[in-house]
Amino acid sequence: MRHAKSDWGTDHSSDHERPLSDRGVRSARLMGRLISGLEMTPQHVISSTAVRARTTAALASEAGKWETRIDLESGFYGSGPEAVLERSAAAPNVERLMLVGHQPTWGMLVNRLTGAVVEMKTGSLAAIEFMIDDWEELAAAQGVLTSLHHPRPYFDSQWDLV
């Protein structure tokens, strides 16, 4: 999942500290409910430490009523796909793992893992299925992109219940 829309109009000490916009907060909550409704609730989440990413993960988890541990990973901020894969190898052995981070890395990561070229807009979720036994195998795995969800089409729908 890519973090939701950030707020460029606020004062923040660094890019890492940039918060979500009001639309981003709404999108993160909407996506959390959508993910639960589609029965894709993650069993573990690893998020970038950037404020906009970790807030997206927390709001989605809260809105979707996930009972999910969220770990923060500083290496997801400003890194490429290979670094994300390396850090994800230590994830607990769960069936559904969610990674929350940034562009352009997330689009490149989907391509690296599936061969698909996708537009990872803010708040987007790319669901990828793998035939692996442990997340240590992720870097060598070839997955299948099973769905791609952007928040915008779901606004004013059953999932967008502010």
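**Around helix α4**

A: Fine. This is a predicted model. What covers the buried residues of α4 includes α3, β3, β4 and β5 (144-149).

Q: Which residues of α4 are the buried ones?

A: They are T105, W106, G107, L109, V110, L113 and T114. That makes 7 of the 10 residues of α4, so the helix is largely enclosed by the rest of the structure.

Q: At what angle do α3 and α4 pack?

A: The angle between α3 (residues 81-88) and α4 is about 75°, and their axes are 9 Å apart. Angles of 65 to 115 degrees count as roughly perpendicular, and α3 and α4 are therefore roughly perpendicular to each other.

Q: Which residues make the contact?

A: From α3, they are P81, E82, V84 and L85. From α4, they are T105, W106, M108, L109, R112 and L113. By class, that contact has 7 nonpolar, 1 polar and 2 charged residues.

Q: What about the ends of α4, where is P104?

A: P104 sits in the loop between β3 and α4. The peptide bond joining Q103 and P104 is cis, with omega about 5°. Most peptide bonds are trans. Just after α4, G115 has a positive phi of about 85°.

Q: New topic. How much space lies in the largest pocket?

A: About 690 Å³. It is lined by 29 residues, and the closest to the pocket centre are R96, L97, I128, F130 and W135.

Q: Which element gives the most to that lining?

A: β4 does, with 5 residues. At least two residues of the lining come from each of β3 (97-100), α4 (105-114) and β4 (125-129).

Q: And how do the lining residues divide by class?

A: There are 21 nonpolar, 2 polar and 6 charged residues in the lining of the largest pocket.

Q: Back to phi. Where does E39 lie, and is it buried or exposed?

A: E39 lies in the loop between α1 (22-37) and β1 (44-48). Its phi is positive, about 55°, although E39 is not a glycine. Most residues other than glycine have a negative phi. E39 has 69% relative accessibility. The cut-off for exposed is over 50%, so E39 counts as exposed.

Q: What is phi for K65?

A: Phi of K65 is near 60°, a positive value, and K65 is a residue other than glycine. K65 is found in the loop between α2 (51-64) and β2 (69-73). At 71% relative accessibility, K65 counts as exposed.

Note on methods:
Residues are numbered from 1 along each chain as its sequence is written. This is a predicted model: local features need pLDDT of at least 70, side-chain atom pairs count only at pLDDT 80 or more; totals for chains, interfaces and linings use all residues. Side-chain values use heavy atoms; hydrogens and water are left out. On a 1 Å grid over the protein atoms alone, a cavity is a set of points where a 1.4 Å probe fits but cannot get out, and a pocket is an open set with protein on both sides within 12 Å along at least five of seven lines; lining residues have an atom within 4 Å of a point. Grid points are joined across faces, edges and corners, and a volume is the space filled by probe spheres set on the points. Helices (H or I, at least four residues) and strands (E, at least two) are DSSP runs, numbered from the N terminus. Ala, Val, Leu, Ile, Met, Phe, Trp, Tyr, Cys and Pro count as nonpolar, Asp, Glu, Lys and Arg as charged, and the others, Gly among them, as polar. Axes are lines fitted to C-alpha atoms, for helices over the stretch in contact, and angles run from 0 to 180 degrees between N-to-C directions. Angles under 35 degrees count as roughly parallel, over 145 as roughly antiparallel, 65 to 115 as roughly perpendicular and the rest as oblique. Contact means heavy atoms within 4.5 Å. Buried means under 20% relative accessible area, exposed over 50%, partly exposed in between (1.4 Å probe, protein chains only).
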